Each structure stands twice: as structure tokens, then as C-alpha cells.
Protein chains: 2
Amino acid sequence: MSTAQALQRHLDGRWSGVRATVRALSERELFRPESGLPTVAHRARTLLQLRSLADAGLTQMGFDERYGGQGDLGASITAFDMLGMGDLSLLVKTGVQFGLFGGAVAHLGTERHHREYLSDIANGRLLGCFAMTEHGHGSDVAGLQTTATFDRATDEFVICTPTDDARKDYIGNAADDGRVAVVFAQLITGGIPHGVHAFLVPLRDEAGAVIPGVRIADSGLKAGLNGVDNGQLWFDGARIPRDNLLDRYGQVLANGSYRTPIEDDTKRFFTMLGTLIQGRISVAGASVSATKVALTLAGRYAQRRTQFTAPGHDQEIVVMDYLSHQRKLLPPLARTYALHFAQGELVEMLHEVLGARALASGDAVIGDDPRRRQLETRAAGIKAMATWHATNTIQVCREACGGAGYLASNRLADLKADTDVFTTFEGDNTVLLQLVAKELLTAYGKRIKGLGLAATVRFGARQTLHTALDRTPLRDMPARLAARSATAFDDRDWQLAMLAFREQRQVEALAWRMRRADGAAATGDPAGAVNAVQDQLLSTARAHVDHVLLQAFVAGIASCPDAAAAAALSQLCDLFALSTIEADRAWYLERGRLSAARSRQLAGAVNDLCGVLRPQLGELLDAFGIPPAMLDVPMLREQEG
Amino acid sequence: MSTAQALQRHLDGRWSGVRATVRALSERELFRPESGLPTVAHRARTLLQLRSLADAGLTQMGFDERYGGQGDLGASITAFDMLGMGDLSLLVKTGVQFGLFGGAVAHLGTERHHREYLSDIANGRLLGCFAMTEHGHGSDVAGLQTTATFDRATDEFVICTPTDDARKDYIGNAADDGRVAVVFAQLITGGIPHGVHAFLVPLRDEAGAVIPGVRIADSGLKAGLNGVDNGQLWFDGARIPRDNLLDRYGQVLANGSYRTPIEDDTKRFFTMLGTLIQGRISVAGASVSATKVALTLAGRYAQRRTQFTAPGHDQEIVVMDYLSHQRKLLPPLARTYALHFAQGELVEMLHEVLGARALASGDAVIGDDPRRRQLETRAAGIKAMATWHATNTIQVCREACGGAGYLASNRLADLKADTDVFTTFEGDNTVLLQLVAKELLTAYGKRIKGLGLAATVRFGARQTLHTALDRTPLRDMPARLAARSATAFDDRDWQLAMLAFREQRQVEALAWRMRRADGAAATGDPAGAVNAVQDQLLSTARAHVDHVLLQAFVAGIASCPDAAAAAALSQLCDLFALSTIEADRAWYLERGRLSAARSRQLAGAVNDLCGVLRPQLGELLDAFGIPPAMLDVPMLREQEG
């Protein structure tokens with residue numbers, strides 16, 4: 001087995017069978033990426049692809065066995081991940097249908113909804129929408145304005161869009177195909193509002209005609225993803241039976257009284273938003289996959305493309321041999337591997353915490369379960385960092401291919417345009433990172449409180465965070481760091497300690513500033529005080545995710561059974577760690593954790609690693625196991641000729 | 001006069017009349033940006049727009065008065081700059097026709113070419129191509145493979161594409177409209193190659209039929225700019241009269257002998273490449289304009305869009321009031337202003353050095369004229385930094401508008417896709433920055449040599465560079481810097497000294513490493529030695545351009561006659577300087593030019609400036625004077641309702 005094969009086997013991981021199935025399917029003509037289709041044709045093709053996925057049994061896996069599924073959420077997310085290598089319109093339409101719409105019915109509905117709908121949803125016979133976002137309220141879901149008012153006389157809910165600002169916006173499957181929508185609206189019964197709940201609202205009849213009380217408009221042309229029929233929805237008093245409330249976390253009885261298993265409004269709200277976790281994890285995985293494709297296209301091109309002749313040589317230089325080109329592509333490649341391993345862990349966590357078994361047992365579903373909170377935080381952080389990484393890296397890859405990268409036929413244009421929205425949908429990245437930072441603060445606060453002030457002072461506040469969040473024991477870290485200021489850059493413990501230290505210190509500094517902000521809150525400007533630390537919230541969250549990524553990379557090396565593959569991964573991990581520290585070296589310098597001399601050596605160390613990894617680039621790209629059809633583009637075909 | 005009006009008058013500058021004309025034209029229905037046109041319709045509309053520009057007299061200004069022009073190159077570039085606010089396909093097609101094609105005939109041709117062609121070119125009656133780039137050779141123009149072999153028997157040149165790799169690629173105006181092309185090819189006469197020269201080669205007859213010996217293919221769909229008909233050209237022994245050699249810098253006599261006014265091959269080659277300078281400056285200007293539009297769209301949206309309610313408040317918070325949002329949009333706005341002023345200076349330099357008067361007098365045309373070299377270096381540097389700034393900023397603007405930013409109708413999608421290629425055409429940015437750094441080294445080397453070693457040691461090598469390149473006297477800079485380590489961040493001299501110091505030190509360090517590389521060259525691996533400093537070349541060039549930008553900003557403030565406008569500019573300049581220093585603070589920390597404490601204060605200073613500038617955002621955007629039709633998008637219209 002070649003190193004590339006060993007690497008691929010390791011990367012393929014637990015759900016390698018599903019990966020193989022999607023790879024085989026990807027070679028079919030129907031799934032070959034095609035650029036420049038007119039919207040109508042693109043949508044039709046995407047729908048055909050979706051049905052074909054369902055026929056191949058790839059869309060049911062995550063659902064309960066009782067409804068034709070396999071109860072294997074991890075397999076389902078892995079299949080979705082693989083779709084990230086093809087036309088991303090199919091990925092997104094699949095995500096809307098099976099992940100968001102199907103997921104909402106599964107997670108927020110109860111048995112009667114499951115019995116009635118899940119099998120048809122999983123097989124793609126009943127297409128639907130996830131109508132959460134409103135024009136005026138995207139990130140602020142609690143502020144949604146659509147109302148669902150219970151009418152006791154008819155035992156129905158009346159769904160209303162009170163203002164144009166409250167129209168449901170950018171809703172996938174809405175413009176053409178959705179027959180029903182899960183609509184998030186403020187539940188009102190007996191004049192009393194009970195917060196946001198989800199309702200099954202029919203949009204179209206069997207013949208496809210829009211149902212009275214519903215208005216639908218097409219969102220029109222988008223930057224990308226034009227195979228997805230996004231639309232806008234208005235409800236003018238549409239009436240639905242009481243049963244159409246997805247009532248796992250809130251029931252309305254015939255007499256109009258409201259019941260809930262989660263009394264705390266906020267807790268209930270966030271529990272219901274849990275549907276979004278799976279969506280975020282899916283988008284993160286798809287981003288990593290699209291990034292792999294872009295890097296493979298640009299990397300293979302650069303391995304063959306020549307430009308300029310070196311003095312004293314006859315042959316033109318292969319572009320990939322230029323340091324500037326290595327600097328463009330190799331650190332992002334290293335980070336992509338880090339994200340792959342972190343994403344793998346995340347999918348396993350999701351599978352355990354929110355998979356069919358956990359759901360069936362009612363275990364770990366309530367919003368304040370610590371494993372669920374950890375999953376939620378990690379999903380938010382990795383989603384934000386993976387999608388930004390995709391945006392940045394695909395851009396770099398486009399530029400690295402020059403004019404060829406700009407031609408639609410070479411795929412980079414579509415990859416870029418399609419993934420662009422990932423940074424702001426399924427949770428805006430800026431908002432998500434703030435959630436991550438706030439969760440880190442909460443965890444830190446709990447530890448401090450648990451220890452008591454005296455103990456905190458005695459043991460040092462520094463240690464407390466990591467026992468809560470991390471698996472690396474870092475009790476002696478500051479001392480080790482100091483002692484190791486002269487160690488080699490490839491010392492893994494030093495790399496880990498550096499990223500751990502950064503996260504830890506940032507959380508402490510943030511806690512300190514937030515305490516000052518609390519003081520300011522008492523004096524009358526709480527919003528201003530929190531606003532003033534926003535940039536620190538973001539950098540703290542980034543530091544946390546970087547640390548998570550390095551830990552995942554290290555675990556990925558440790559579990560690799562092939563020695564040669566592990567060795568290659570280890571060098572790539574060095575590049576990830578050092579380029580990350582290099583990018584943040586100002587922070588370390590400011591805190592005396594890097595000397596000026598050592599900081600200046602970092603660039604050289606990164607350059608050296610680029611040189612070391614350059615000969616292994618082909619294997620590191622082959623290991624992604626991208627279906628050949630997804631890489632069958634003119635700029636690579638020509639070079640082979 | 002409001003501050004916004006005073007600012008606009010100042011920004012409009014020397015060629016404000018042309019700006020007003022283009023603004024008026026932009027309100028015509030024909031020029032309104034339209035997204036999602038099919039390629040055929042988009043190309044037809046772009047051609048119509050181009051002809052309409054010519055009818056309005058906006059395309060002739062840069063040409064000689066004898067051929068219907070006004071000999072006003074600056075006016076011509078300014079008009080082009082304004083087109084950067086509209087559909088960029090028109091901009092690029094205009095640039096190809098009048099700048100590249102027309103510019104090549106004007107600069108590389110002689111009077112008979114001018115008499116025969118320039119008037120028709122300037123009026124858009126004769127459409128043509130600039131056929132330089134080959135599939136296998138983009139950046140490496142000297143390596144072009146197309147041949148133009150003189151056939152003495154027929155007094156013709158025979159144009160050949162020897163391999164498919166030598167086909168002319170991504171050539172604007174080639175797929176549909178070009179009747180003739182300026183083809184860059186290796187001139188061979190009597191079996192002797194004389195390097196790359198330019199030839200006028202007919203492509204299509206009057207009826208539009210492709211001429212025998214020429215093959216043309218369509219480049220197909222691109223990421224953007226689909227209103228431009230890019231194509232590929234092959235020449236299978238196409239024959240052209242000897243007169244069709246654009247022979248300003250190289251003539252072939254009837255007997256086949258070759259003559260040139262510039263004996264040195266390299267010098268002649270670079271002189272002929274001078275046509276590219278104007279193209280680079282034009283692209284830089286267009287990038288700045290497109291960035292202004294994106295910032296205005298995102299800024300106005302964020303001034304009205306609300307999200308989340310602050311604790312203790314009834315009203316939702318305006319998105320622009322979030323620090324994280326200010327951090328996204330305001331530092332890029334400051335840099336856009338800096339680029340505007342630097343671009344203004346560049347256009348004036350171009351106008352003086354390569355304008356009609358200079359060309360007519362034969363002055364400053366030869367490649368080694370120092371003013372021309374400075375122009376070339378500055379054009380390369382600003383083009384690279386302005387186009388990357390556009391790519392980054394438009395991306396940030398898209399994300400800042402969330403889903404609305406992703407809808408094609410709101411323009412950001414097209415601005416992003418259209419400007420994307422700017423970073424790699426008209427000179428790949430990475431290659432251009434290396435040219436800049438090499439030129440800085442050459443200037444440094446000359447100064448060192450001029451002074452002699454003893455003097456260098458006596459006066460300090462440090463001072464030498466700046467007398468050559470800069471207008472700010474910095475002889476006492478290191479001392480001042482040291483003395484001022486405690487000065488306020490808004491001390492302009494300190495800001496200037498910081499950026500000057502960075503550039504200076506980087507050049508020195510580079511010179512030192514290059515000397516070591518020369519040593520390595522002697523030992524047998526010159527290419528490897530130069531390759532090893534590539535990252536340093538790039539960062540040195542960036543440091544140079546940042547310094548140029550700050551100097552231009554400072555000059556722009558000094559020349560502003562309105563006190564309120566100047567005050568606003570001054571704060572914006574602070575933001576530009578401090579956010580630039582903040583981004584590079586690791587470098588300053590490593591060299592002891594920022595203390596850790598002071599470095600950590602920078603973030604707060606930048607945040608404070610964001611808060612100070614927030615209320616002025618509206619005026620700072622209005623001052624760009626963007627035609628209302630270019631901002632007439634749904635996401636802004638709705639909010640007004």
C-alpha cells in the first residue's frame with residue numbers, strides 16, 4: 001500500500017464505506033460538475049440528482065430505522081461531506097431537504113409527525129423547507145416576527161407575516177419544489193406569547209399550486225448555488241391543524257393551554273435551536289471538502305505548470321517549486337488536514353450526542369446537557385473557521401492558477417462563488433465566534449466559582465480552564481514553556497503548549513474585561529461595555545479553535561497505523577502549528593512568550609517545512625480521495641496530453 | 001458646502017470634469033448594472049455601451065490631437081477609473097480596446113500606423129485585441145513562442161503558433177468583435193531571432209469572417225466579466241505586410257536587415273513592455289472604484305440594518321454600531337482613501353511621463369529613464385496592492401451584508417467575481433511585487449555604490465535609500481523614533497517614521513540576504529538562492545507601497561482646502577496608519593521598535609478611531625460621488641421604504 005493509499009484509508013475513517021459509495025456515484029454522468037447552466041436547467045438537474053441520491057439510499061441513513069433509515073447520523077453527515085466535492089447546489093439542496101427540513105421534523109416533532117412524514121422526507125418524496133430566517137431577522141432568531149396564533153374555535157393555528165420585514169427569506173426549496181415548510185414563528189395562545197416554535201405549514205398542493213394564504217416569490221439570481229430554488233414566503237393567515245405544531249418541546253392542548261417539558265424559556269429556545277447544530281457541522285464538512293478540491297486542482301496544476309527559466313538552466317521552473325507558491329498553498333493544505341481531523345471528531349461527537357440512539361432514549365437532548373453544549377460550541381467554532389478557511393483558500397487557489405483559474409470550466413470559479421455564502425448562513429461566523437467565546441467564559445467562570453476564590457489564587461486561575469475543556473494536561477505549562485524557549489520548533493509539546501497558552505490567556509483576559517464591563521453595566525451602558533470587547537471575543541474564539549485543531553491533528557497522527565503516513569502527517573502538523581504561531585506571533589511577543597530572535601526564526605522554519613513537504617504534495621493531495629470526475633477539468637487534462 | 005461635498009470636490013481632483021461627464025452618462029438606462037444576462041446578451045450590451053462611450057467622446061481623450069484625441073492621458077485614465085463603478089465588463093472591454101490595443105499602436109507604432117489606425121481605434125470603429133499572453137507563457141513574456149518570420153521574397157511576415165501551448169489565450173475582443181490584433185511574437189529575420197516585437201495582424205474581414213491562417217476559439221464562461229468576448233488565437237502561417245510591424249523600437253528593412261534605436265536587447269524589451277504600465281494603472285484605479293462601490297453598498301446597508309436588542313433597550317441595534325462591524329468596514333475604508341490619493345498621484349505621473357506631450361517629444365520613453373522606472377515601479381506596486389485590497393474588501397462587504405450580499409441584484413456578487421481576475425491579469429501580483437522589490441534593491445545598490453563604502457559606513461547605510469526614493473527627510477529618523485516611543489499614536493511624524501523605517505530596514509535586510517545569495521550563486525545554485533528570499537521580496541514590496549500610501553494620504557490632507565474635510569481625512573489617515581502598523585506589529589516588536597505595552601495599546605487605539613469615525617461614515621461614503629444608478633439596489637431601496 002502506497003503512502004497515499006495509507007493516508008486515504010486513515011482520512012476516510014469510520015464511515016469509509018459511505019465515502020466509497022458516494023465516490024462510485026460521482027462518476028455517473030449525472031453528477032459531473034457542469035458550469036454555466038441556465039437557472040431553470042440547473043435547478044432541474046439538481047432536483048434529478050437529489051432524487052437519484054435518494055434512490056441510491058444515501059439520504060435515508062440518518063433517520064430512524066422505523067422510517068426506512070439506519071439510525072446512522074454519522075454516515076449521513078459523511079455522505080453529505082463527500083457531496084462537498086461536487087456541485088454544491090446539490091449539497092445545499094440535500095442539506096435543506098434532509099438535514100434542516102427532515103432534521104427539524106425528527107428533532108422537534110413527536111411520533112405522530114415522524115410516522116406521517118419521515119419516510120417520505122427521507123426518500124425525497126415529500127420536499128420541504130426550513131423557514132426560519134426572516135428578512136429582518138437572520139442571526140437574531142428570538143426576534144422573529146411571524147406569528148402562529150391558536151384559534152380555539154377551529155382548533156387551528158393561524159400563520160401570519162405581520163410586516164414585509166417578517167417575510168421568510170432565502171428559503172431553500174421554496175421557489176419551486178417545497179410542498180411543505182417547517183415555519184418558525186412566535187406561538188401565541190389565549191393572547192399569551194410563548195416564544196418561537198416550529199410548525200408544519202403546507203405550501204403547495206399535490207399539483208404544485210400554491211395554497212391559499214401563502215405567497216411565494218423567487219429569490220432570483222445569486223452569486224452561486226443557483227441550482228437551489230431559494231425563495232421568499234409570506235403567510236396571510238394560513239390555517240393549519242393544531243397537530244402541525246412540532247410539539248416535542250411545547251404542546252398546545254385543545255383548550256388552548258400551553259405545556260412544555262422545559263419551563264425555562266431561554267433554555268427551551270436554545271434546545272429547539274439545536275436543529276441547527278447538525279446543519280453547522282454539515283456545512284463545516286462540506287467546506288473542508290470543497291477546500292480539498294480547490295487545493296488539489298491548484299496543486300496538481302502547479303506541479304506541472306512551468307514559468308520562467310532559471311539562470312544557467314534550460315528547463316523552465318515548475319511553478320510549485322517557487323517558495324512564493326509553496327507559501328500560498330502548503331500552509332492552507334496543512335490547516336485543511338487539521339480541519340479534517342477536527343471535523344471527524346465533531347461528526348463522532350454529533351453521532352453520539354444527537355444520533356438516533358441518543359434521541360430515542362431522550363438522552364442528551366435538553367439544551368444544558370454539558371456534552372451537548374460542548375458539541376454546540378465546537379460546531380459553531382469549527383463551522384466559522386472552516387468556512388472562512390474555504391473562502392480564503394479557494395481564492396488563493398484561483399489566483400495560483402492565474403487565467404486558467406478564472407475559467408468556469410476549471411471549477412474554481414464555482415467552488416468560490418458557491419461556498420461564499422457558507423460564512424454567513426447556518427449562523428453568521430462573527431455571531432458564532434461570539435457564542436463560542438461566551439461559552440468559554442461561562443466554562444471558565446464555573447471552574448473559578450467551583451474552586452472558590454482562595455483556591456483560584458492558590459493554584460492559579462490559569463489551570464482551571466483546561467481541566468474543563470481540554471484533554472492535554474497543562475498544569476505545569478507555564479514552567480514548561482519557559483524552560484522550553486530554546487527547544488526545537490518541531491517539539492510537539494511546545495507547539496501544543498503555545499496554542500493552549502494563547503487560548504487560556506485570552507479567556508482570562510476576556511473574563512477580566514467582562515468583569516469590568518459588568519461594572520460598566522451597573523453604571524448604565526451594558527451594551528456599550530460588551531460591544532467594546534467584541535474584537536477580543538472573536539480573537540479568543542479563534543485561539544480556542546486553533547487549539548482544538550492542533551489537538552485533533554495530534555490525535556489523528558497518533559491513531560494512524562501506517563508509519564510512513566504518520567511521518568508525513570507529523571511534518572504537515574508542524575507546518576500547521578508553526579504557520580499558526582507565525583501568524584499570531586505578535587500576540588506571543590507582546591506577552592513575552594516568544595523572544596524577538598525566536599520569532600524572527602519562525603518564517604525560516606515555515607519556509608524550510610514548505611521545502612520538506614513539497615515532494616510529498618502529490619501524495620498529500622491524492623489522499624483526499626477526490627472522485628476523478630470532480631477533477632476532470634481542461635487545465636489538468638491539457639497538461640496530461 | 002457640506003463636508004461631504006467638500007470632500008468629493010477634493011477627491012475628484014484635477015480631472016473632475018471628466019468625472020462629472022461619466023456620472024451623467026451613468027444615469028442612462030443603457031449603463032445601469034444588470035445581473036444575470038446570458039452571455040450573448042451581455043456581450044451585445046457591453047459592445048453597445050462601448051460604442052455609446054465613444055459617441056460621447058469619452059474614449060478619444062488620451063490619443064493625440066492629430067487623430068481626433070485631446071492628448072490628455074490623465075483625463076482618459078480618470079474616465080476609465082469612473083467606469084470601475086459600473087458593470088466591469090464594459091470597463092475591461094474599454095481597457096482592451098482603447099488602452100491596450102490602442103495604446104500599443106500609439107506607443108509601439110510609428111506615424112504611418114498612427115495615421116492609418118488611431119482615429120478609427122479611438123472612435124471604436126476598428127475593434128482590436130492585445131494578443132500578448134500565451135497559454136504557456138503569461139508572466140514570462142520574454143518566453144513567448146509565437147513567431148513572426150520575415151519572408152524577403154514577398155516582403156511579408158509569417159505569423160506562426162508553433163505549439164498549442166503558444167496559442168494566444170484569454171484575449172479580450174477576440175471571440176466576437178476584434179477585426180485586428182496586436183500580436184506579440186518573436187521576430188526572426190534571416191534566421192536570426194531579435195526578441196519579442198508587436199505586429200498588427202488582421203483577424204476578421206469587414207463582414208466579420210475569420211481570415212485564412214487565423215483560428216479563433218471562444219474562451220467560454222468565466223467567473224465574471226462575461227460581457228467581454230475573450231478568446232484564443234492560433235496563427236497557421238498568417239501573412240502580413242512588412243509595414244505591419246509596429247516598428248518604433250525595431251525596424252526590418254526590405255532586405256531583411258534589422259535596426260533598432262535601443263541596442264541592448266533587455267532594455268529594448270522592457271521599453272516595449274511599457275505599454276503595460278498604463279494598463280496596470282488603469283486596473284489599479286478601477287479596483288479602487290469598485291472597492292468604493294462595495295464599501296458604500298455595505299456601509300449604507302449597515303447604517304440602517306438592525307439586529308438584536310441591547311439589554312435594557314427597546315430598539316434593535318444598528319449593525320454599524322457594533323465594534324465587530326466597524327472593524328470589518330472602517331480600516332478598509334481608510335485604506336481605500338489612501339489608495340485613492342496614491343492613485344491620483346500615479347495618474348499625474350503617468351500623464352507627465354507617458355502622456356501625448358512626452359511621447360511627441362520622444363522624452364522619457366526609453367526604458368531606463370529614471371522617472372519612467374519610478375512610474376513603472378509605483379504602478380506595479382499600487383496595482384498589486386489595490387487589486388488585492390479590492391478582492392479582500394469586496395469579500396468583507398459581501399459577508400457584512402449577509403444573505404442580501406449574496407443576491408446578484410445587490411451587485412456585490414458581480415463586483416467580487418468581476419474584480420477577482422484583476423489580481424492576476426495585467427501582471428500577476430506576486431510577480432509584480434517581486435519586480436518592485438528588485439527595483440528597490442537596485443536603487444539602494446546605486447546609492448551605496450555612489451557613496452562609496454567608507455561614506456556608507458560613516459553616514460549609515462540607512463539614510464541612503466530614502467534620499468533616493470522618498471520626499472520625507474528622514475536623516476534623523478532612528479533618533480526621532482527612539483525619542484518618540486512615548487508619543488501619541490496620532491502623531492503623524494511618528495506614523496510616517498514607522499512606515500519609512502519598516503521599508504528601509506526591509507530593503508537593507510533584503511540587500512544583505514541577496515549578497516549572500518550572490519555568494520550561493522557563485523557556488524552553483526543561483527535560482528535556489530533567489531527563491532529562498534521570495535517571501536522577503538514580497539513583504540519588502542508591501543512595506544514600500546504602504547509607505548507610499550501613507551505619504552500620498554498625508555499629501556492629500558495637506559492639499560485639502562476645506563478645514564472640516566481635512567479634519568475628517570486626518571482621522572481617517574490615523575486609522576489607516578494605525579491599522580497598518582497594527583497588522584505588522586510583530587515586525588516592529590521583533591526589531592524593538594514597538595514595546596510590548598505600546599503594541600498592545602494599538603488595538604484599543606484602532607477601536608477608538610473606529611468609534612470616532614463611525615458618525616462620519618455617511619459623509620465619507622457620499623464623498624466618493626458614486627452615480628446613484630450604481631447604488632440603486634433592492635437591499636438599499638427596501639430600507640428607504
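This short talk describes how two protein chains are arranged and joined in a predicted model.

Good morning. I shall begin with the relation between the two chains. Two copies of a chain are related by a rotation about an axis and a shift along it.

Let me turn to the interface itself. Chain B contributes 71 residues to the contact, and chain A contributes 71 residues. How much area is buried between chain B and chain A? The figure is about 5700 Å², and carbon and sulfur atoms give 50% of it. On the side of chain B, the residues that lose the most area to chain A are B:Tyr170, B:Tyr406 and B:Glu590, which together account for 13% of what that side buries.

Next, the polar side of the contact. The rule finds 6 salt bridges across the interface of chain B and chain A. One of the salt bridges in the model joins A:Lys416 to B:Asp420, with the closest N and O atoms 3.2 Å apart. Between the two chains, 54 residue pairs are in polar contact. By class, the side of chain B that touches chain A has 25 nonpolar, 26 polar and 20 charged residues.

Finally, I come to the nonpolar core. In soluble globular proteins, nonpolar side chains tend to be buried together. The largest nonpolar core in this model has 308 residues. Which of them touch the most other members? They are Leu333, Tyr337 and Phe553, in chain A and in chain B. To take one example, A:Tyr337 touches residues including A:Leu7, A:Leu11, A:Phe553, A:Leu569 and A:Phe624, where residues up to four places away in sequence are not counted.

Thank you for your attention.

Key: Residues numbered from 1 in each chain as written. Chains lettered and ligands numbered in written order. Predicted model: local features only at pLDDT ≥ 70, side-chain atom pairs only at ≥ 80, totals over all residues. Heavy atoms only, no water. Contact = heavy atoms within 4.5 Å. Buried area = accessible area lost by both parts, 1.4 Å probe. Salt bridge = Lys/Arg side-chain N within 4 Å of Asp/Glu carboxyl O. Polar contact = N/O pair within 3.5 Å; in protein donor to acceptor, adjacent residues only side chain to side chain. Nonpolar A, V, L, I, M, F, W, Y, C, P; charged D, E, K, R; others polar. Core = buried A, V, L, I, M, F, W, Y, C linked by side-chain atoms within 4.5 Å. Buried < 20%, exposed > 50% of the residue type's maximum accessible area, 1.4 Å probe, protein only.
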